[in-house]
Number of protein chains: 2
Amino acid sequence: MKIIDIKEESIKLNLSLSNSMFSFKEMTTSIVKVDIDDGKSIQTGFAFNSTGRYACGAQMRNRFIPRLLSASESDLVDDAGDIDTKKALDVMLVGEKPGGDMERSVPIGTIETALWDAISKSKKLPLYKYLSQKFPEYNSTNRMFCYVGGGYYDVGKTINDLKDEIKKNFENGYRLMKIKIGGAPIKEDIRRVEAAIEAAGSADNIALDANGGLKKDNILTYAKELKDFGLSWFEEPTHPSNFSSYKEFISNYEGSVAGGENLYSTQDYLNLIKYGGFRENKDLLQIDIPQSYGISYFNEALIELKKNNWNVNKIMPHGGNQMSLHVACGFGLSMCEAYPNVFGVFSGYDDEYQLDDGYIDLSDRPGIGFEGQNELYRLFKDIK
Amino acid sequence: MKIIDIKEESIKLNLSLSNSMFSFKEMTTSIVKVDIDDGKSIQTGFAFNSTGRYACGAQMRNRFIPRLLSASESDLVDDAGDIDTKKALDVMLVGEKPGGDMERSVPIGTIETALWDAISKSKKLPLYKYLSQKFPEYNSTNRMFCYVGGGYYDVGKTINDLKDEIKKNFENGYRLMKIKIGGAPIKEDIRRVEAAIEAAGSADNIALDANGGLKKDNILTYAKELKDFGLSWFEEPTHPSNFSSYKEFISNYEGSVAGGENLYSTQDYLNLIKYGGFRENKDLLQIDIPQSYGISYFNEALIELKKNNWNVNKIMPHGGNQMSLHVACGFGLSMCEAYPNVFGVFSGYDDEYQLDDGYIDLSDRPGIGFEGQNELYRLFKDIK
């Protein structure tokens, strides 16, 4: 197997929504196409750089694509002659200074994920099944519980609109929904939570996401006001690396807390768990895999996390997309996020997928299966 | 005052040197030119994105320059009508998700530093003097102790070459030199340190920099083997955010330790001090100001650091250049790094500056004074 070509393109998302911290108005994303030659045929893999971080094509064009394309075949393949994504990661990391990961972890992870798509297509396997062969130590599955990441603040959006949004998702088969918090005055936010619980039928069908936006003068009020609601989890109450604030929030909130989507290295995940006071039987680590160096890096992170008593059932991927869904199934993670209709063509999964009481069954389409997402696939196909 | 135009260009450094972690072979940097209209004349400010991080022109062109150029004048000026760099920072940060700072802190900090150059030129003041007016709470100075960051590993470089490099720097008036460590077998590294001490005349004239490259299986050996040498400090023994490893190293090494150049936010500096076990009377925090959102952000970081008993005399800037030198003088930091002849035209200070027993006296040239660095200024002038 060898890499023949890698191309990227930047796409504007055109969204009006926002969370407690920022608006998606200018948001862009990079889409990537990788061609590999497996000796019999050319296989094409795709990926995009998940959500919430801007397009990163310049880094790809200037550093990571040239490094891969100029590497010798032996630098990139395993003993069986297949492309070894860990070796590809190492090749992309040559000439990079430690720390400050995000500037490179997003472009590298996106390219690496596209490689997995191409390789699993060459093996005629859906990605989750290929992952289960590569990493047999995990309990892979073809069926994953998916929750909705939604409930954004939006221009003119009322509490009734929020309830309608939740009801619609539950009618469509979802059984758990996460809504934004911290972007309105606390009294209004609590009314939003009460309305959400009413629409969802039960507090444990609702989770909250503050996107790191609570402040010194209100964070503990949020913790105390919401601790007795019985919500599923409270996500990113504070700045992604304000570990002492995480710890203080957790001791006041007591319920399940989640975080990690804005950390981009194993060292930072370990710091969050250790210094943030995360409890291994209660809290959730959220990793955005294509934004964090990709799947082979994630596997290495899992090994380090396990040494610290952190297991796959306390990890869920950030970024509701077909890539995260396959990784969640391949490694048997706790659950997967979904963004129905939130991020335009980058929302959601295969167009044919049906919810079954909160669960999605993956098809046997080879690779990540972007070919089943018609509008997104049209963008991928046209990358030149 | 208003911003009229901002342009950037990417420059390749063409270097063969390396440290324990990576080679500078492919390294690039972004140079920036900002034109402001102060009502009487057009002033032009310059900056570059320091060293060790790649050019970031795409982020500037796609996000930060358009945000600044489309901002209204009132979004950018203070009560006196001068450009307020803190407001410029806030304008550049609109639409940015918290965490993962380096992808934006380098381009933002470089633009912000160029703004300071232009504004202080408009005031007909050298930057350090303008800083002393804006931040009178610090003990500004026009005279700064500068040490040499050097002693890199390089193809064919021998221990005698290292000694010659040190001797040459001391002949030129420097009185303290930092050499790389961790990139050779430990026995050879210790021979390098012994040779360096011999060349420098005394152990406290030498500091070490491992660039985060020591490993689990050798870091404590380095700590124990080198603790009794009496060296000036030991820099980045471990990964930039491996705080527990910093703490363990410090308790074994006992002498002065430094770190922080690969952290890019106030929160991360605070984490290093707190969890890394930094001792306020002994250890050094190193911040690369143009790579970390620039000077107004640095001032805000100082306020937070002071609340944690960390003072300017325990901070020194990473990146030996004319920008860091002015900031070190303006805020009265402990000392400043110099890179004579290491990073091509991006090395060093004003061509006319003379060392005086380790110290440099700043001239009264307005702004940062890149106009006194002929080769670099030629690059800046030609930005189109």
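**Ser30(A)**

I looked up Ser30(A) first. Ser30(A) counts as buried because it has 24 C-beta neighbours inside 10 Å. For this label, 20 or more other C-beta atoms must lie within 10 Å of the residue's own, 12 or fewer make a residue exposed, anything in between is partly exposed, and C-beta atoms are placed from the backbone. This is a predicted model, in which local features need pLDDT of at least 70 and side-chain atom pairs count only at pLDDT 80 or more, while totals for chains, interfaces and linings use all residues. Residues are numbered from 1 along each chain as its sequence is written, and chains are lettered from A and ligands numbered from 1 in the order in which they are written.

Ser30(A) sits in strand β2 of chain A. I listed its contacts (C-beta atoms, placed from the backbone, within 7 Å), leaving aside neighbours within four places in sequence. Among them are Glu8(A), Phe48(A), Cys56(A), Met60(A) and Pro107(A). I also checked Thr51(A), 21 residues along the chain from Ser30(A): the two C-alpha atoms are separated by 9.9 Å.

**The sheet**

Next I traced the sheet. Three strands form an open sheet in the order β1-β2-β3 (chain A), with antiparallel pairing. Strands (E, at least two residues) and helices (H or I, at least four) are DSSP runs numbered from the N terminus; two strands pair if DSSP finds at least two bridges between them. β1 (2–12) and β3 (42–48) of chain A are at the edges with a single partner strand each, so one side of each has no neighbour in the sheet. β2 (residues 28–37) of chain A pairs with β3(A) over seven bridges. There, Ile36(A) has Gln43(A) as its bridge partner.

**Domains of chain A**

An automatic or database domain assignment sets the bounds: domain 1 (2–125) and domain 2 (134–369) of chain A. Their centres, taken over C-alpha atoms, are 24 Å apart. I noted 35 residues of domain 1 in contact with 33 residues of domain 2. On the domain 1 side, α3(A) gives the most, with 12 residues.

**Chain A and chain B**

Last, I turned to the two chains. 31 residues of chain B contact 31 residues of chain A. On the chain B side, α1 (57–70), α3 (102–122) and α9 (266–275) of chain B each give two or more residues. The largest share, four residues, comes from α9(B).

Note on methods. Contact = placed C-beta atoms within 7 Å.
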